[in-house]
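Please give an account of this chain for someone who is meeting it for the first time.

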Amino acid sequence: MANFNRIASSYDFLKKIIFGEQIEKATNHFLNQMPSNSKILIVGGGTGKILGNFDSSQVIKYLELSKAMINRANEVKSNATIEFIQSDILEWTSNEKYDFVITPFFLDCFNEDQLNSIFLKLKNVLNKKGKWIQTDFYPKNKAQVLMIKIMYAFFILSTNLKTKELANFDLFFEKHQFLLLRKALFYHSMVESKIYQNIG
Ligand SMILES: C[S@@+](CC[C@H](N)C(=O)[O-])C[C@H]1O[C@@H](n2cnc3c(N)ncnc32)[C@H](O)[C@@H]1O
């Protein structure tokens with residue numbers, strides 16, 4: 001399993017050098033679609049910058065494998081009530097239900113078999129009409145594909161990530177019965193943020 005502990009301290013810096021504010025902008029784009037009192041599951045949130053965007057009525061579970069990332073996220077000022085859970089999503093189980101699931105640059109860490117079990121698990125914890133905010137890389141041309149390859153090489157070396165390429169996330173959302181409500185493009189259209197509704 002990938003271990004992001006080693007790069008947790010430099011993660012935001014590297015992200016900013018390469019993408020400026022675009023990753024944050026994409027991640028935060030649909031957060032205003034969450035009404036007050038929402039129950040939210042954030043998976044693989046990393047250093048937790050996203051946590052500054054919630055109000056005091058919102059209740060968040062923050063599921064993250066890396067202890068070093070959780071330590072950083074714990075320092076972020078947020079108005080919401082947050083519970084941090086250090087766990088591997090592939091082993092995590094829960095009987096709770098959520099109004100929203102958020103996966104910011106998280107699904108890119110997994111191969112297709114793993115994604116199938118993650119989709120089943122996350123669909124299962126979403127309320128019947130719950131929504132899923134997904135943000136990740138969706139390369140549109142050869143230069144962007146090359147950039148993704150270089151990023152994978154970096155993560156394979158620095159975190160021992162086993163995944164080597166992006167899956168077709170759109171197919172997974174379709175297969176697991178999610179309806180795309182809206183999407184927005186960032187960073188030369190290479191990054192997409194999408195909000196889906198559970199319809200199954
Ligand atoms: C590419 S980083 C994205 C971090 C953050 N969301 C961002 O956009 O900057 C992926 C994050 O997912 C976490 N992660 C990777 N595999 C995981 C797993 N199996 N279970 C839970 N979290 C995991 C990593 O620790 C890391 O923080």
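The report below goes through the fold, the strand pairing and the ligand shell in turn.

The model is a predicted one. Its chain holds six helices and seven strands, and when these are read along the sequence they follow the pattern α-α-β-β-α-β-β-α-β-α-α-β-β. Along the principal axes, the C-alpha trace of the chain spans about 40 × 35 × 30 Å. The radius of gyration of the chain is 16 Å, which agrees with a compact globule, because a globule with 200 residues would have a value near 16 Å. Of the 200 residues, 32% count as buried. Among contacts between residues at least 6 apart in sequence, 65% join residues at least 24 apart.

| Strand pair | Sense | Bridges |
|---|---|---|
| Strand 1 and strand 2 | parallel | five |
| Strand 1 and strand 4 | parallel | three |
| Strand 5 and strand 7 | antiparallel | seven |
| Strand 6 and strand 7 | antiparallel | eight |

Strand 1, which covers residues 39–43, is mostly covered, with four of its five residues buried. Its pairing with strand 2 is parallel, and within that pairing L41 stands opposite K61 of strand 2. Strand 1 also runs parallel to strand 4, which comprises residues 98–104, and here I40 stands opposite F100 of strand 4.

Strand 7, made up of residues 191–198, is likewise mostly covered, since six of its eight residues are buried. Strand 7 pairs in the antiparallel sense with strand 5, residues 126–137, where W132 stands opposite Y196 of strand 7. Strand 7 is also joined in the antiparallel sense to strand 6, residues 178–186, and the bridge partner of F178 in strand 7 is N198. Strand 6 and strand 7 form a hairpin in which four residues lie between the two strands, and in the turn Y187 has a positive phi of about 45°.

What surrounds the ligand? The shell consists of 21 residues, of which the closest are F4, G44, G46, L65 and S66. Helix 2, residues 22–28, and strand 2, residues 59–64, each supply at least two residues of this shell. By class, the shell around the ligand has 13 nonpolar, five polar and three charged residues.

Technical notes. Residues numbered from 1 in each chain as written. Predicted model: local features only at pLDDT ≥ 70, side-chain atom pairs only at ≥ 80, totals over all residues. Buried ≥ 20, exposed ≤ 12 C-beta atoms within 10 Å, placed from the backbone. Pairing = 2+ DSSP bridges. Near = placed C-beta within 6 Å. Nonpolar A, V, L, I, M, F, W, Y, C, P; charged D, E, K, R; others polar. Rg over C-alpha atoms; globule rule 2.2 N^0.38 Å. Contact = placed C-beta atoms within 7 Å.
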